[in-house]
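Subject: Structure handover

Hello,

Here is the structure I promised to pass on. Please open it and keep it beside this email as you read.

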Amino acid sequence: MKFAPRPENDFADYIRTYYEACRYHCDKIEAIAGKWMFRDLLPGMSDFDTRFIVNDSMTVEDWCQLSTVMGETHLRLCEKYPCWARNFEHLPGVNLTWSELISERNYYPEYQQWTYYYTQNQKNLSAALDGFTRRPWDEKDEYFHLKKFCLYYGRYNRTIDPAINLGVHENKYPLHSRIMHYFNPPVHSAVCILEKRHICGKLDAYEIAERHFPGLRCWDLVREILHAHYEIPKWYEEPHLTELEDVLEAALEVVLGRLREAVTLIPEGAGTDMGAWKAALQEVPVDPALVIFDNAKFSRLMKGRLHFYGHAPAHFDTTWLIQNELGRIGNSFFRMPFRTFWKIKTGETVEDPVAILDQLKGDLLTGAEVEGTKAFARLTPDAWEAGREHEIAAAIVEVFDEFFKALNKISEAV
């Protein structure tokens with residue numbers, strides 16, 4: 001098995017270039033952050049999960065405009081820098097105003113897993129970071145990390161994470177996916193819960209986990225593979241690959257047993273039954289307004305993301321990326337938020353929120369917003385005809401602004 005040489009780490013150049021280009025087109029962007037620590041960004045393998053903090057003066061119309069501008073900016077940069085195709089996998093995900101970043105009601109524990117790279121407003125950023133430092137660990141933090149632990153717990157699914165836009169480094173991705181994308185998240189969340197504090201880095205989490213569980217074989221294997229930048233042929237071949245998966249799965253079972261002693265949101269009777277843990281988390285009370293906002297904040301640049309996917313250059317593979325979005329945005333952006341809103345407003349449970357849209361016309365939503373939302377719902381049923389992904393993405397872009405305005409209105413209304 002032959003491997004391309006490990007590339008130089010140019011993430012610093014990428015982050016600066018991206019931030020400056022985006023701010024050139026919209027000076028309301030006042031800070032750029034990214035998930036994890038800089039040392040967790042492995043050249044040739046990692047993408048960059050950008051987060052923007054914007055001026056508090058942002059209106060819903062400004063968000064619509066920013067989404068359009070960022071879609072075009074992202075596209076132009078991807079065309080100009082084909083070597084950064086992996087970095088350009090998606091537009092920024094979570095995007096916030098300063099007041100949302102510091103709001104306790106809107107608090108999202110992931111904010112403490114970000115590294116903040118550049119800002120035009122150091123005063124606001126310093127205040128936000130100081131607030132995070134002083135904020136005590138509570139049920140919101142445990143709930144966030146327990147959900148992530150339960151989501152990623154278990155044996156690696158070999159079909160779940162295809163290699164996209166990795167070029168000559170594609171053959172290394174199977175190990176990166178196992179170790180950094182699917183084994184690290186539950187380990188990271190577990191040590192946050194055990195330490196009752198937020199740990200920003202993926203590699204930091206591994207180091208702390210080894211202190212908690214010093215006898216596990218997995219740490220030597222993880223170190224060996226990461227130190228070699230995945231360039232160890234035997235771990236791609238059987239029976240060694242199954243052996244690696246066995247070791248990682250066994251480690252998570254040990255971690256689960258220790259978590260059982262530390263968590264407060266899982267009843268004792270659930271033991272270590274993962275099904276019972278997930279059921280218990282479904283019963284944890286969550287502020288309905290936060291349910292809507294948590295979904296809405298991911299929608300702010302989705303129009304631009306889909307525009308980018310629909311017009312990406314030939315060297316950038318998009319089909320699976322569009323499929324991934326189509327498989328989740330209907331539920332995340334429409335069905336869950338609108339069901340939650342209707343339950344708050346009327347006390348009634350509605351299975352298909354399309355049925356209540358006409359009742360919101362005039363009272364809360366304009367006619368155009370209702371029609372845009374209906375169109376968005378028709379286009380995002382979580383199932384679609386194969387081969388139509390780009391066509392559907394283009395159609396969503398056309399109706400997204402009116403739908404986005406409706407989603408923001410129901411978020412503000414609660």
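How many aromatic pairs does a search of the whole structure find? The search gives 31. Keep in mind that this is a predicted model.

**Aromatic pairs**

Start with Tyr19 and Tyr118. Their ring centres are 5.8 Å apart and their planes meet at 10 degrees, so this pair is stacked. Tyr19 is in helix α1 (residues 11-25), and Tyr118 is in strand β4 (residues 114-119). Tyr19 counts as buried, at 4% relative accessibility. Tyr118 counts as partly exposed, at 33%.

Next, look at Phe376 and Phe403. Here the ring centres lie 3.9 Å apart, with planes at 5 degrees, so these rings are stacked. Phe376 belongs to helix α16 (residues 367-379) and Phe403 to helix α17 (residues 389-413). They are 27 residues apart. Both Phe376 and Phe403 are buried.

There is also a cluster linked by ring pairs. Its members include Tyr14, Phe38, Trp84 and Tyr117.

**Charges over rings**

The charged end of Arg135 sits over the ring of Tyr107, 3.7 Å from its centre. Lys297 lies over the face of Tyr108, at 3.9 Å from the ring centre.

**Salt bridges**

Side chains of opposite charge can pair when their charged atoms come close. The structure holds 39 salt bridges.

Arg300 and Glu100 form one of them, at 2.8 Å from N to O. Arg300 is in the loop between α11 (288-296) and α12 (302-311), while Glu100 is in helix α3 (residues 98-102), so the bridge ties together parts 200 residues apart in sequence. Arg300 counts as buried at 7% relative accessibility. Glu100 counts as buried too, at 13%.

Glu369 and Lys409 meet at 2.9 Å, N to O. Glu369 lies in helix α16 and Lys409 in helix α17, so this bridge joins parts 40 residues apart in sequence. Glu369 is buried, with a relative accessible area of 5%. Lys409 is partly exposed, at 26%.

Glu371 and Lys374 also form a salt bridge, at 3.7 Å from N to O. They are three residues apart in helix α16, so about one helical turn separates them. Glu371 is partly exposed at 41% relative accessibility, whereas Lys374 is buried at 17%.

Best wishes

Definitions and conventions. Residues numbered from 1 in each chain as written. Predicted model: local features only at pLDDT ≥ 70, side-chain atom pairs only at ≥ 80, totals over all residues. Heavy atoms only, no water. Phe/Tyr/Trp six-rings, centres within 6.5 Å; stacked < 30°, edge-to-face > 60°. Helix = DSSP H or I, 4+ residues; strand = E, 2+ residues; numbered from the N terminus. Buried < 20%, exposed > 50% of the residue type's maximum accessible area, 1.4 Å probe, protein only. Lys NZ or Arg CZ within 6 Å of the ring centre and 35° of its normal. Salt bridge = Lys/Arg side-chain N within 4 Å of Asp/Glu carboxyl O.
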